[in-house]
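Visitor: I have the sequence and the fold open on my screen. Could you walk me through what the coordinates show?

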Amino acid sequence: QFKFVESGGDLVQPGGSLRLSCVASGFTLNYYVVGWFRPAPGKEREGVSCLSGSDDSTYYADSVKGRFSISRDDAKNTVYLQMSSLKPEDTAVYYCTVGPPWTTVQGMCGRPPYETYDYWGQGTPVTVSS
């Protein structure tokens, strides 16, 4: 069974940084595409960033490109989202999940319908405000 525990969210000022963590259990993270999602207007969630376990390719939403970085620690079965130059519009609860082995970072994160398994953690809240 796929389980995720997200952490690292906090209140931060605009321009600040945070590192989110997602500890996965019940499966080996680097066998799959893994990604971070957040709610978006008019959508249940939007794909923020995804990382492929097979070739380490990445996807970033245009809104976070150049500011966020996704990475994975295989020894800890954990995926991270390094967030910098944070903006008020980054305020959201961030969730991680995985996609089926046949998907790609574009398929999982690029646009709805996102190719993910329907397993989600409790999320970690990020608030960007002065």
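**Aromatic residues, disulfides and the sheet**

Guide: Phenylalanine 2 is a buried residue, with a relative accessible area of 16%. Please keep in mind that this is a predicted model.

Visitor: What is the relative accessible area of phenylalanine 27?

Guide: Phenylalanine 27 has a relative accessible area of 12%, so this residue is buried, the cut-off being under 20%.

Visitor: And how many aromatic pairs are there?

Guide: The count comes to 10 aromatic pairs. In one of them, the rings of phenylalanine 2 and phenylalanine 27 have centres 4.6 Å apart and planes at 55°, so the pair is tilted. Phenylalanine 2 lies in the segment before strand E1 (3-7) and phenylalanine 27 in the loop between E3 and E4, so this pair ties together parts that are 25 residues apart in sequence.

Visitor: How are the rings of phenylalanine 2 and tyrosine 119 placed?

Guide: Their centres are 5.1 Å apart and their planes stand at 45°, so the pair of phenylalanine 2 and tyrosine 119 is tilted. This pair links distant parts of the chain, with phenylalanine 2 in the segment before E1 and tyrosine 119 in the loop between H1 and E10, 117 residues apart. Tyrosine 119 counts as partly exposed, at 34% relative accessibility.

Visitor: Which residues form the aromatic cluster?

Guide: One aromatic cluster is formed by Phe2, Phe4, Phe27, Tyr32, Tyr117 and Tyr119.

Visitor: Switching to charges over rings, where does arginine 19 lie?

Guide: Arginine 19 lies over the face of tyrosine 80, at 4.1 Å from the ring centre. The charged end of arginine 45 sits over the ring of tyrosine 95, 4.3 Å from the centre of that ring.

Visitor: Now the cysteines: how many disulfides does the structure hold?

Guide: There are two disulfides in the structure. If the bonded cysteines of the protein chain are numbered in sequence order, the pairing reads 1-3, 2-4.

Visitor: Which cysteine is joined to cysteine 22?

Guide: Cysteine 22 is joined to cysteine 96, with an S to S distance of 1.8 Å. The pair links distant parts of the chain, since cysteine 22 is in strand E3 (residues 18-25) and cysteine 96 in strand E9 (residues 92-99), 74 residues apart. Cysteine 22 is buried, with a relative accessible area of 0%, and cysteine 96 is likewise buried at 0%.

Visitor: Why is the disulfide of cysteine 22 and cysteine 96 right-handed?

Guide: The torsion about the S-S bond of cysteine 22 and cysteine 96 is about 45°, so the disulfide is right-handed.

Visitor: And what does cysteine 50 join to?

Guide: Cysteine 50 is joined by a disulfide to cysteine 109, with S to S at 2.1 Å. This pair, too, links distant parts of the chain, with cysteine 50 in strand E5 (residues 43-51) and cysteine 109 in helix H1 (residues 105-109), 59 residues apart. The link of cysteine 50 and cysteine 109 is right-handed, with 75° about the S-S bond, and both cysteine 50 and cysteine 109 are buried.

Visitor: Let's turn to the sheet. In what order do the six strands come?

Guide: The six strands form an open sheet in the order E2-E10-E9-E4-E5-E6, and the pairing is mixed. Strand E2 (11-12) and strand E6 (58-60) stand at the edges, each with a single partner strand, so one side of each is left without a neighbour in the sheet.

Visitor: How do E2 and E10 run, parallel or antiparallel?

Guide: E2 and strand E10 (residues 124-128) run parallel and are joined by two bridges, and leucine 11 stands opposite threonine 127 in E10.

Visitor: How many bridges join E4 to E9?

Guide: Five bridges join E4 to E9, and these strands run antiparallel, with valine 34 standing opposite valine 98 in E9. E4 also pairs with E5 in the antiparallel sense, over six bridges, and arginine 38 has glutamate 46 as its bridge partner in E5. In the hairpin of E4 and E5, which has two residues between the strands, glycine 42 takes a positive phi near 80°.

Visitor: How many residues of E4 are buried?

Guide: Seven of the eight residues of E4 are buried, so the strand is mostly covered. Valine 33 is found in this strand, E4 (residues 33-40), and is buried with a relative accessible area of 4%.

Visitor: What does valine 33 touch?

Guide: Leaving aside residues up to four places away in sequence, the residues that valine 33 touches include Cys50, Leu51, Thr97, Val98, Val105 and Met108.

Methods:
Residues are numbered from 1 along each chain as its sequence is written. This is a predicted model: local features need pLDDT of at least 70, side-chain atom pairs count only at pLDDT 80 or more; totals for chains, interfaces and linings use all residues. Side-chain values use heavy atoms; hydrogens and water are left out. A disulfide is a pair of cysteine sulfur atoms within 2.5 Å. Helices (H or I, at least four residues) and strands (E, at least two) are DSSP runs, numbered from the N terminus. Buried means under 20% relative accessible area, exposed over 50%, partly exposed in between (1.4 Å probe, protein chains only). Contact means heavy atoms within 4.5 Å. Two strands pair if DSSP finds at least two bridges between them. Rings of Phe, Tyr and Trp (its six-membered ring) pair if their centres lie within 6.5 Å; planes under 30 degrees apart count as stacked, over 60 as edge-to-face and the rest as tilted. A charge sits over a ring if NZ of Lys or CZ of Arg is within 6 Å of the ring centre and within 35 degrees of the ring normal.
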